[in-house]
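This report describes a structure with attention to its strands, helices, cores and chain contact. Please look at the sequence and the model before reading on.

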Amino acid sequence: MIAIAAIPLLYLIKRGSEIDRASLTNLLFRDRTIEIYTTTILLASIVLLFSFIVGSTFAWLIYNVTLPFGSLPIILSVLPLAIPSYVLTYAWISIYPGFKGFWAAVLVLTLSTSPYVTLVAVASLRRIDFTQVEAGRSLGLSQLAVLRRVIWPQMRVSLSAGLLLVFLYVLSDFGAVSLLGVNTFTRNIYTMYRATFDRNGAAVISLALILLAIFIIALEFRLRGRRTVIKSNAGIVKTHVKIKVGWLRWPLLTLIFTYALLALGVPFWVLTTRFIQNTENIDITSLISATFSTVIASFAGAILAMALALPLGILLARRSGFIPKLAESSILLTHALPGVVIGLALVALSSKFPWIYQTLPVLAFAYALLFLAKAVGSIRASLQRIAPILNDVSETLGITGFAAFRRVTLPLAAPGILIGFLLVLLTAMKELPATLMLRPTGFETLATEIWAATSISKFNEAAPYALVLIIIAAIPTFILTRPDKSDSQAQSEGLIQ
Amino acid sequence: MTSLEVHELTVHFDGRPIVENLSIVVPSGAFAAVLGPSGCGKTTFLRSIAGLITPSSGTIRFGKQLVSISSLVLPPNKRHIGYVPQEGGLFPHLNVAENIGFGVSKNEKIDVVDEMLDLVGLKNLATRKPYQLSGGQQTRVALARALAIKPQIVLLDEPFGALDAALRNELREEVCNLLKERKTTALMVTHDREEALVSADIVALMRHGQILQYGSSRNVYSNPISPEIAVSTGDVLLLKAERDASKSIRFALSQIDLKGEIELGQLVIRPEEIIVSPEPSAASLSAIVTKVDYYGHDAVLQLLLDSWPDEEITARIAGPLGFSVGQKLWVKHAGPIRWFELPHKK
């Protein structure tokens, strides 16, 4: 399993090592590469900062303030997950043709990534025992002091993992930066691969990107410290009293509405108007076949990911020791592999084997690798929530091994596993660069159709595909946006992976 | 049913001995209670009998069958024990009937589940999920599930811990009767001294991974082997005492004259062994009430003897309370004299 996860990396290292030293130095340290480094890190850091502000503010509002309209605020602040960053970018460009460059990318990526922070923060806030907040207040702490001294220490770890996700998202984002002309690693790798088929050079740049990602992951691991969510006592009924803010709730709600307008309203308006203006030109057959391809490829990827993740999740949830540690690091490693890098590695690797080159299984495998960490995260979290005593009881009743797994573990973990599946499915539907590089010839998904049209500014043609993609991606997202209804632990664990 | 024999059992956890050289015998069909404070190792002990923890040395026998010798152990699924963990440990995804039938083979399932539902009186709740049950019902289901596999021995880990007082007494009686009727060998661990004394045939007192004393409830209560043990089975009045070569003992309530060399020690007296009366009688001493703790069914009085002002005496009296603070009354001692040497100074 670990070996499988490491295949693309090993391949890249091999290709990278085929370059002679002089051109290696040249490639890595020429001005252009330095510029790419700076741009990528700067972009990721600024987006991280903004999405932290947006996401944690929204989470705080949702968790702690009585806002009107029930669960609408949380749905609005998380639903943008369903909109791929390239679709959001395309929507913005089409209403505002001068939309381009670094700050445009900051805006789009902040809009796309803050739902992750919101979701993770809300989930970890909900895990905090509210009696601790009440105890803090009764000991004379102000709301703000409670936030700083009681709540923050307990949500720091999850939040930090959520922010890591944002950073990695920006590192691996391909669609938005390409459309906006911002020269980051991913765009550079793709261009090198396309323009010159310079695979050794692309492999070297990919390795540099992976190193950067690994560095960030290690840094986050260092900084996060230990997770400390402490339940005061089992059996206490948590009556969570939200703050009543009176008229102030309207301006607060406006914050969320403004965000939703920028992240949801703009693309929705653009897509529907373009769609309506252009109804007679829609190629119904290719729309249907692209939808079908998207569903097929993402299902195949999600199923494969779950199949690979299940043994890993069990290993990580149950046992401690060397092997799980190794597995954990190798899964973290897949974190650090952006779609364009996996795409590159698998293209080059599979082109050696004509019978699998550009076939659906390779694409599904790419999806599985890309989203393995998400799958493992949700499986592990849902397994860890099963009380160990249940397995003990089952053993004393004579049921062990696979039978116990089938009759106790699996049914209890099923909701969490399902959430993990949905998460992978959703992300696979939106995936662009690996799909572009690995799809079988003539196999067009919604994502590739959107890309084909938008990259040559044929916005009208892209609209129906984008609309369909958003609608089908909205279904799993909608389920995920209800942490109150669904298995929120598994979901947030899956997300932060 | 079968007996349980544990011989010199030692269990380590994280390199620390949790259970140390522990031996106990529970005869076939008896109900034994291991009584100890939290952290004394009683759950670890129970789990090693169940086979869920591997001991580092010692043997465990079920009747003639050796199930554990040193760290060679029979796995829990081969032991045929009925394990009732704390708070029941019901499978949350299965209903009552499915929980009960979990360990029963397919062809027996319907009959056994039916029988067990009858036994614990939950026939009408067979299709409920655990979260729809009250705490007492959950305990009943957990017991039924354990009994359904016709276990050799039933192990109960604080089975009534999560229940409120009224339900606790009722369910305890019901469970004990049920286990006794079926002549089930059972071992319960608990930190509640009343629970242990009232329900068990044999009480074992556990401290720091060892069993310090065991025997019938009455025996461990009235013949404690040390003042510490006496405290763990009930309230204790610890009094200074002196005795001479002829073993005559002088203390607060028996102020006789001693002869020759005098040895210092202490006495363990139960508060209910102090007889209190508003009128003087033979050998009674006068005292003043300094404090009254009223419990409803009984009360505890703190008394100061006129003749022995340096130690306060507590007395437990039953029934309607006729005493108040400052009142004068007469006391005498009616019970065994339990002499213990003074603890060695370290």
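## A buried strand

B:V34 stands opposite B:V189 in strand β9 of chain B. Here strands (E, at least two residues) and helices (H or I, at least four residues) are DSSP runs, numbered from the N terminus. This is a predicted model, in which local features need pLDDT of at least 70 and side-chain atom pairs count only at pLDDT 80 or more, while totals for chains, interfaces and linings use all residues. Residues are numbered from 1 along each chain as its sequence is written, chains are lettered from A and ligands numbered from 1 in the order in which they are written, and side-chain values use heavy atoms, with hydrogens and water left out.

B:V34 points one way from strand β3 of chain B together with B:A32, whereas B:F31, B:A33 and B:L35 point the other way. Is this strand enclosed or open to the outside? Five of the five residues of β3(B), residues 31–35, are buried, so the strand is largely enclosed by the rest of the structure. Buried means under 20% relative accessible area, exposed means over 50%, and partly exposed lies in between (1.4 Å probe, protein chains only).

β3(B) runs parallel to β9(B), residues 185–190, and five bridges join them. Strand β10 (residues 202–207) of chain B also runs parallel to β3(B), with four bridges. In that pairing, B:A33 has B:V203 as its bridge partner. Two strands pair if DSSP finds at least two bridges between them.

## Two antiparallel sheets

Chain B has an open sheet of five strands in the order β2-β1-β4-β5-β6, with antiparallel pairing. Its edge strands are β2 (16–26) and β6 (72–73), each of which pairs on one side only. Within the sheet, β1 (residues 4–13) and β4 (residues 57–62) of chain B are joined by five bridges, and B:E5 stands opposite B:R61.

An open sheet of four strands, also antiparallel, has the order β13-β12-β14-β20 in chain B. The edges are β13 (249–250) and β20 (338–341). Seven bridges join β12 (residues 237–243) to β14 (residues 263–269) of chain B, and B:A241 has B:G265 as its bridge partner.

Helix α1 (residues 42–50) of chain B lies across β1, β2 and β4 of chain B, and runs at about 115° to β1(B). For such angles, axes are lines fitted to C-alpha atoms, for helices over the stretch in contact, and the angles run from 0 to 180 degrees between N-to-C directions.

Why is α1(B) described as largely enclosed by the rest of the structure? Eight of its nine residues are buried, so the rest of the structure largely encloses it. The buried residues include B:F45, B:L46 and B:I49. Just after the helix, B:G51 takes a positive phi of about 90°.

## Nonpolar cores

The largest nonpolar core has 207 residues, and B:F45, B:L187, B:L4 and A:V87 are among those with the most contacts inside it. The largest share of this core, 15 residues, comes from helix α8 (residues 143–172) of chain A. Apart from it lies another core, of 41 residues, among them B:V113 and B:L205. A nonpolar core is a set of buried Ala, Val, Leu, Ile, Met, Phe, Trp, Tyr and Cys residues joined through side-chain atoms within 4.5 Å.

Leaving aside neighbours within four places in sequence, B:L187 is in contact (heavy atoms within 4.5 Å) with residues including B:L4, B:V34, B:F45 and B:I49. In soluble globular proteins, nonpolar side chains tend to be buried together.

Chain A has 23 helices and zero strands. Of its 497 residues, 58% count as buried. In helix α10 (residues 185–196) of chain A lies A:T191, which is partly exposed, with a relative accessible area of 41%.

The contact between the chains takes 15 residues from chain A and 19 residues from chain B. About 1,500 Å² is buried between them, of which carbon and sulfur atoms give 70%. In chain A, A:T396, A:L397 and A:R407 lose the most area to chain B, together 39% of what that side buries. Buried area is the accessible area (1.4 Å probe) that two parts lose on being put together, summed over both.

A:T396 is one of the buried residues in helix α18 (residues 388–396) of chain A. Just after this helix, A:G398 takes a positive phi of about 90°.
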